[in-house]
Amino acid sequence: VSHLNAAVEHLQSVLDQCPVSHPDRAAVLTNLAWARLQGYIRNDLQDIDTTTSLFRDALALRPQRHPDRPLSLYNLTEALTWRYGKKSTAADIREAVQLYHELLPLCPEGTYLRSIAAGSNGIGYVIGSCNNLPKDASDEGIHLRRIVLELCPLGHQLRPSALNRLSSALRSRFMQYGNIDDLDEGIQFRREAMSLCHEEHPDRDTYLNNLAMSLNIRFEHQGKPDDLDEAISFYEEALRLRPVGHKYRDFSLDNLGSALVTRFDDRGDIDDITRAISLYREALTLRPPGHSSRDTTLNNIALALQKRYDELDVSEDLNEAIDRYRESLRLKRLDHPQRHRTLHNLSSALCSRFAQTQKNEDVEEAITLCQEALASLPSLHPDRYSSYMWLQAAYLSRYRAQHNLLDLSLAIENFRLASGHPTQGFPRRITGAIDWARQAEVYQHESDLEAYQTCFELFNSHVMTRSSIISRREAANAFRGAQSLPVDAASCAIRRGNLRRAVELMEQGRGQQWSLASRFKTPVEELETANPKLAHNYLELSKRVSDAAQSSATITDRAAADRAATEYRRLTRRWEAAVAEIRKLPKFSRFLLPPSYEDLHAAARHGPVIIFIASQYSCSAIIVPTSGEPHHVPLSSIALADLIILKDRFTRALRQASRMNPKETRTDLIVLLRIVWDEIMLPIVNALENVLKLKRRSRIWLCPTAAFTSIPLHAAHPFLTKPDRSKEPCLEDLYVCSYTPTLSALVRSRQITKRRVTPSFVAIGQGQPGAGKGKALLAVDSELELVHSLVPATANRATISGDAATRTGALKALEDNSWVHLACHGKQDPAQPYDSHFVMRDEHLTLLDIMERDIPHGEFAFLSACHTAVGDKETPDEVIHLAAGIQFSGFKSVVGTLWEVDDAVAKHVVEAFYKYMFHPKEAGVMDCTKAAWALNCATHAVKTKVPLEQRMVFIHIGV
């Protein structure tokens with residue numbers, strides 16, 4: 001000790017003689033500090049702070065690239081770790097990590113300094129100490145965890161725990177602020193940690209549990225079913241690794257129970273709730289009174305009992321749930337991070353009991369509890385959404401009982417706050433907005449249109465987060481009651497007397513899948529003139545987003561899919577920023593925004609468009625005229641339920657007609673078409689003739705929605721004879737009818753491409769599709785020959801059939817030609833409409849294949865195949881079928897079919913159609929806008945040869 005003290009005194013006197021500028025000052029500081037540190041280690045010297053300061057001063061004198069800087073870095077880490085060991089000062093171990101991050105790259109492999117710095121008493125001790133620090137979700141805390149991870153390269157034994165700690169911090173930050181990037185990145189790290197833990201690894205159960213928890217949270221935020229399924233699978237495996245007697249079995253029971261409750265909410269299988277309650281009851285026995293986590297299990301079992309009450313209406317479940325919630329709340333400190341959730345849950349249970357018993361104290365307490373929860377949460381906390389939603393439920397419960405309009409206003413205001421809460425995920429906000437719209441309808445509140453608009457905006461934002469066309473449809477289908485939102489919104493706007501708004505909302509809600517897909521195909525000629533640089537950037541980003549979407553659709557590995565989703569979201573944000581810049585330009589303020597009525601009115605430039613609205617609230621039509629304001633036609637004698645019955649009757653009548661002799665009268669079909677005339681089309685024809693003064697044989701466009709899409713409106717017929725024995729005209733005698741899936745689709749089809757190309761016509765036929773792909777179509781080859789002979793010689797003509805009619809061959813032909821005739825089997829897939837397809841020799845040519853192509857010079861397509869214009873039953877009132885897909889890809893004018901075509905009989909319609917289409921043939925004029933007129937003339941011309949259902953089957957879509 002005396003020697004050490006003498007050394008310290010001697011070195012101190014040397015230091016006193018070395019001014020700051022002296023070349024040896026750093027060395028003297030280091031030696032003095034090292035002598036003092038030895039005294040501290042031996043407990044002979046208590047002042048570690050001065051020692052640390054001396055090492056810090058020495059480091060300051062050895063800047064970057066100084067040969068002795070690595071040694072000074074190491075020395076300071078030693079002092080910091082010794083001080084941390086004695087005083088447990090977290091700041092010391094954090095600083096030591098930062099110093100090692102700088103030090104290790106400066107120490108080459110094989111050097112002595114590297115061997116001691118990289119050893120278990122060096123960096124190993126620091127990392128281990130860091131991993132024992134409390135979780136810190138601040139930016140600084142996460143930055144520290146990232147440095148620790150960098151200090152644990154692949155192969156390092158502490159890498160799994162470093163990944164785990166960083167993931168936990170990222171998840172905590174997500175729970176506070178709701179940035180999905182944090183959760184996604186954390187899941188990627190947890191997947192890596194899992195991959196580093198073999199089957200027998202002692203901590204595998206922990207890593208499984210943590211990954212499952214993050215996936216479960218992401219499901220609640222984004223609603224991807226795969227996340228929930230994977231979470232439950234990992235929870236199940238973790239539970240198997242924690243048998244009876246395992247110290248963490250209670251955590252696994254609790255977590256698996258929570259995931260099963262989530263799945264019940266999503267899919268409604270009561271067995272999930274029953275099993276969850278069983279798991280929670282076992283967990284509760286492992287968490288007796290006094291256990292630190294008993295409050296969590298009490299809350300969870302109460303929640304499961306409450307959900308079972310909602311499903312089965314057993315009042316004992318509700319009363320037990322309330323008692324369990326109260327016990328859980330008593331055990332939670334006022335500053336407990338999950339206290340607000342129990343407050344929410346107890347509030348909702350009390351509301352349920354109030355609805356049953358009408359005891360006023362229950363609803364008053366429910367409101368107070370929600371207000372307390374809200375007051376405890378910062379402004380951007382994701383769970384404020386739940387506070388708003390339970391508050392609206394409590395106010396609405398009280399309004400139902402007491403009819404105080406202030407309660408209704410407060411409920412609506414909380415709906416508004418919940419739907420707009422920025423850090424909550426889109427799925428829950430959409431669910432809240434749908435509920436808002438429904439309640440506003442029930443109570444006829446003036447916020448109804450605002451609620452519908454909010455639904456569509458949130459839908460759009462949510463679906464945009466999905467990279468592939470198919471995953472967008474799945475995302476749109478995930479919400480109960482969403483399918484009818486567009487027609488209900490339009491019906492609401494009609495009842496409010498705002499017809500323009502009705503047209504806008506209808507279009508915004510229905511055309512969502514098409515408009516999202518078309519965003520990356522929007523023509524930018526005007527933008528290129530106004531600002532070439534922005535146009536180039538926008539086109540480049542559109543291509544990158546589109547490419548990322550297509551490539552992500554083929555990924556099956558879950559970890560790779562997560563990475564692709566993160567990259568897609570990053571690109572999408574850049575794309576959105578580019579769009580925001582474009583909207584700042586004069587005349588581009590509405591670039592890619594939902595179209596206004598003025599934009600949509602362009603669809604009616606060459607004739608009125610009639611939108612058919614089938615809502616649970618009312619059935620009606622809106623006529624968008626060529627000029628002037630939209631006109632409302634109430635269809636008061638028919639309801640949504642009647643349309644559904646009518647659709648089923650048509651299905652039966654068509655099935656029966658297909659088995660009849662061609663010459664037999666189609667009595668059932670005639671009866672149904674007369675109903676369509678009397679109940680639906682006659683009021684519209686009266687308005688067209690008497691109000692709009694539309695001339696006979698003018699063109700009209702039909703835009704059916706919801707249940708109307710399954711009814712052949714164009715074939716409406718009175719089947720009546722006048723006193724003078726002449727026939728009463730039917731709809732197609734009066735007008736030339738076309739269909740359009742949406743108004744935007746018609747506007748897009750009218751956009752004239754700058755470059756005109758020489759017409760090229762290809763006839764594609766596949767009459768021998770191969771085993772298992774449908775019966776042989778014996779008339780296909782003769783149909784192709786017939787079509788070829790009717791096309792003007794001025795066009796470049798080609799035929800593809802037999803072995804050449806493959807998926808690839810057909811796709812290339814679609815891209816290379818402006819006129820196409822397709823004769824083959826066509827199949828609509830009701831479960832997945834994007835898999836609807838034309839049957840080729842090898843693989844199917846799917847709707848998705850067609851939509852992913854851009855065919856800017858497409859003029860006309862004739863789809864002489866079955867089921868090419870039958871819509872999708874599931875998506876929120878979309879029209880997703882082969883004919884619409886062909887139109888979307890670029891063809892301006894399309895003839896499609898509503899049901900099965902008899903190819904032998906169809907040939908008569910095809911022949912008559914092309915004769916009218918190209919008349920006079922010698923003139924060589926090919927005008928796609930004549931298609932609707934040609935089809936109208938053709939179906940009249942073949943009346944004696946072709947039975948009624950085979951004339952009705954063909955419809956025209958587009959210009």
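A disulfide here is a pair of cysteine sulfur atoms within 2.5 Å. By that cut-off the structure holds zero disulfides. Take Cys370: its closest cysteine sulfur belongs to Cys351 and lies 7.0 Å away, which is too far for a bond. For Cys928 the closest cysteine sulfur is in Cys937, at 17 Å, again too far for a bond.

Before going on, the ground rules. This is a predicted model, in which local features need pLDDT of at least 70 and side-chain atom pairs count only at pLDDT 80 or more, while totals for chains, interfaces and linings use all residues. Residues are numbered from 1 along each chain as its sequence is written, and side-chain values use heavy atoms, with hydrogens and water left out.

Are those two cysteines, Cys370 and Cys928, buried or exposed? I call a residue buried under 20% relative accessible area, exposed over 50%, and partly exposed in between, with a 1.4 Å probe and protein chains only. Cys370 is buried, at 0% relative accessibility. Cys928 is buried too, with a relative accessible area of 4%.

Next, a helix. Helices are DSSP runs of H or I with at least four residues, strands are runs of E with at least two, and both are numbered from the N terminus. Helix 9 covers residues 159–177, and its 19 residues reach 27 Å from first C-alpha to last. That is close to the expected 27 Å, where the expected span is 1.5 Å times one less than the number of residues. After helix 9 comes Gly178, with a positive phi near 75°.

Now the strands. Two strands pair if DSSP finds at least two bridges between them. Strand 2, residues 619–624, has six of its six residues buried, so it is largely enclosed by the rest of the structure. Both of its faces are covered: Cys619, Ala621 and Ile623 are buried on one side, and Ser620, Ile622 and Val624 on the other.

What does strand 2 pair with? Strand 1, residues 609–614, runs antiparallel to strand 2 and is joined to it by six bridges. Ile611 has Ile622 as its bridge partner, and four residues separate the two strands in a hairpin. Strand 3, residues 631–634, also pairs with strand 2 in the antiparallel sense, over four bridges. There, Ala621 is the bridge partner of Val633. Strands 2 and 3 form a hairpin with six residues between them, and Gly628 in that turn has a positive phi of about 90°.

There is also an open antiparallel sheet of three strands in the order 9-10-11. Its edge strands, strand 9 (826–827) and strand 11 (845–846), each pair on one side only. Strand 9 meets strand 10, residues 837–838, over two bridges, with Gly826 opposite Phe838.

Last, the cores. A nonpolar core is a set of buried Ala, Val, Leu, Ile, Met, Phe, Trp, Tyr and Cys residues joined through side-chain atoms within 4.5 Å. The largest has 270 residues, and those with the most contacts inside it are Ile680, Met681, Leu713, Phe913 and Tyr914. Helix 32, residues 667–691, gives the most to this core, with 12 residues. Counting contact as heavy atoms within 4.5 Å, and leaving aside neighbours within four places in sequence, Met681 touches residues including Phe612, Leu702 and Leu713. A second, separate core has 17 residues, among them Ala535, Tyr568, Leu571 and Trp575.
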